[in-house]
Structure formats: structure tokens, C-alpha cells
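Please follow the chain with the viewer open.

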Amino acid sequence: MSRQIVATGTTMADPIPTPRSSHGLLPAAGESVWIPTPLGTVTRLASVADLDAVQDLHARCSLVSRAARYMVGKRELAPAEWRHFTHPARATTWLTSPEVAPGRIVAMTNLIAHHGDRGALDLGLLIEDGFQGQGLGTALARIALGHARLLGGHRLTASTGRANRRMIAILHRLGATDWHYSGPDADTHVHLDGAR
Ligand SMILES: CC(C)(COP(=O)(O)OP(=O)(O)OC[C@H]1O[C@@H](n2cnc3c(N)ncnc32)[C@H](O)[C@@H]1OP(=O)(O)O)[C@@H](O)C(=O)NCCC(=O)NCCS
């Protein structure tokens, strides 16, 4: 598999980064496109073969972070769940690594198609604790939002804890509306045609 690092043509202040290969908007089969992301990291599409490295990410994350991602204290992913996350018709998943240590995954970003609501995609983020609070989640959410628009989605949904200030700030920045609160949980969505 060839590897190339490509510029997204955006900065943190730019509206929507769009992942680009050298010849089009999306990577071709067999081509691995590495998008530069904050903190000296690069971000690429995941494949089903990445499960072990993703389990290592889960093992390094605190229980608080894993519970914030899944709303339960999940220790690792079931193999079937990972197949779902990497199934091209059902989800897009990106993995982020330090450029100097590409085998070490420090963040996972998921865009998962809703069952029975065509064009609705759910955003999930899990960042290793030591990489949080430094702008990485904001950048990854923007990559996912740009990709959701490329896919022709109409709605990006997200569920998080109502006390999760970072995720809530990210979603507000993306233009989230229609917040619904149920106990400790908050649900919202971003209309993709009007996304910032
Ligand atoms: C939630 C998460 C994805 C956010 O990513 P991050 O890289 O930590 O967040 P960022 O550094 O991009 O900051 C996002 C916002 O939170 C703010 N922020 C950062 N640290 C903060 C803190 N300690 N308290 C309050 N706000 C904070 C930032 O200023 C930014 O807001 P702004 O855009 O208005 O300036 C990440 O922390 C994470 O993976 N947490 C565990 C899993 C999780 O909660 N997933 C979300 C549910 S799917």
C-alpha cells in the first residue's frame, strides 16, 4: 500500500477540511492517504486489520474517556463492532497516530450510518487522555463533518454526556441544533447543508 501525506488546504480556523488524495476527493483502493492533524499527528482511514492497535488505544484510555465515548464503561471493542465500524457501506472510521509512531493509535473517529434513516450519520470520537484538550478533537470532528457532506448526508447526529464540555463545545462550533436532554445524556444534530 502506498503512503502519502497530503495537505488538506485548511488551517484550524478554516471551515471544513476535505480529505483529498492526489487525484480526487477520496482515497483510491490500495492508496493510504494520511491527513496532517494537530499535535504532530496524521490521520488515515481505518481497515479491519487495525483492530489490535485500536484495542491498545482503548486499553490506554481512562475509564472516564471510554465511558464518555460509549456511555458505558466498555473496555474494548467486540470484533463484530469493529467490522461494523470499518464496513464501507455502514461506517467510515479514521485512526490518528503520531507521525513518528504510525503504529500507535491515539484517536479514533467514527461516522456511522443510522439504521432506517438514510443520510443520517452519527459522529463518535475517542482520543487518548494525554492528547485531549489541545484541539485534536475539533480537527477530527471537522474532517468527519466534511466527509459526511461528501457522502451526501443530510444530518450529522451525536450523543454525549451533558457534562462533556469539550464535546458540547465542538458540536456547538459545528453548528449543532435541536439539543435533547435525557438525564445525563445530550443528543443533537447538525444539518449538513447548513454546517459551518
Ligand atoms: C470529547 C473529545 C473528543 C474532545 O476532543 P479534544 O481534543 O479533547 O477537544 P478540543 O481540544 O478540540 O477542545 C474542544 C473544545 O473544548 C474546549 N476545552 C478544551 N479543554 C477544556 C476543558 N478542560 N474544559 C472545558 N472546555 C475545554 C476547547 O476550548 C474547545 O472549545 P472551543 O472550540 O470553544 O475553544 C475528547 O476529549 C475525547 O475523546 N474524550 C473522551 C471520549 C468522548 O468524550 N467522546 C465524545 C462522545 S462521542
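From the N terminus on, the order of elements is β-β-β-α-α-α-β-β-β-α-β-α-β-β. That makes five helices and nine strands in the chain. The model is a predicted one. Of the 196 residues in the chain, 34% are buried. Among contacts with a separation of 6 or more, 57% join residues 24 or more positions apart.

On one side, strand 3 (residues 41-45) runs antiparallel to strand 4 and is joined to it by five bridges. Within this pairing, threonine 43 has threonine 96 as its bridge partner in strand 4. Strand 4 is also paired with strand 5 (residues 107-113), again antiparallel, through six bridges. Here leucine 95 stands opposite methionine 108 in strand 5. In a regular strand, side chains alternate between the two faces of the sheet.

Is arginine 90 buried or exposed? Arginine 90 has 12 C-beta neighbours inside 10 Å, and a residue with 12 or fewer is classed as exposed, so that is how arginine 90 counts. Leaving out residues up to four places away in sequence, arginine 90 touches His84, Ile112 and Ala113.

In soluble globular proteins, nonpolar side chains tend to be buried together. The largest nonpolar core in this model has 39 residues, of which Leu140, Ala141, Ala144 and Leu156 touch the most other members. Helix 4 provides the largest share of this core, eight residues. Leucine 156 shows which parts of the chain meet here: beyond four places in sequence, leucine 156 touches Leu121, Leu123, Leu145, Ala148, His189, Val190 and Leu192.

Helix 4 (136-150) also takes part in the shell around the ligand, as do helix 2 (63-70), strand 6 (120-127) and helix 5 (165-174), each supplying at least two residues. Which element gives the most to this shell? That is helix 5, with six residues. In total, 22 residues surround the ligand, and the closest are Ala68, Gln132, Gly137, Thr138 and Ala169. Sorted by class, the shell consists of 10 polar, eight nonpolar and four charged residues.

Leucine 39 is not a glycine, yet its phi is positive, at about 65 degrees. Leucine 39 sits in the loop between strand 2 (31-37) and strand 3. Its 16 C-beta neighbours inside 10 Å make leucine 39 partly exposed. Methionine 71 likewise has a positive phi, near 65 degrees, in a residue other than glycine. The loop that holds methionine 71 lies between helix 2 and helix 3. Methionine 71 is partly exposed, because 13 other C-beta atoms lie within 10 Å.

Key. Residues numbered from 1 in each chain as written. Predicted model: local features only at pLDDT ≥ 70, side-chain atom pairs only at ≥ 80, totals over all residues. Near = placed C-beta within 6 Å. Helix = DSSP H or I, 4+ residues; strand = E, 2+ residues; numbered from the N terminus. Nonpolar A, V, L, I, M, F, W, Y, C, P; charged D, E, K, R; others polar. Pairing = 2+ DSSP bridges. Core = buried A, V, L, I, M, F, W, Y, C linked by C-beta atoms within 7 Å. Buried ≥ 20, exposed ≤ 12 C-beta atoms within 10 Å, placed from the backbone. Contact = placed C-beta atoms within 7 Å.
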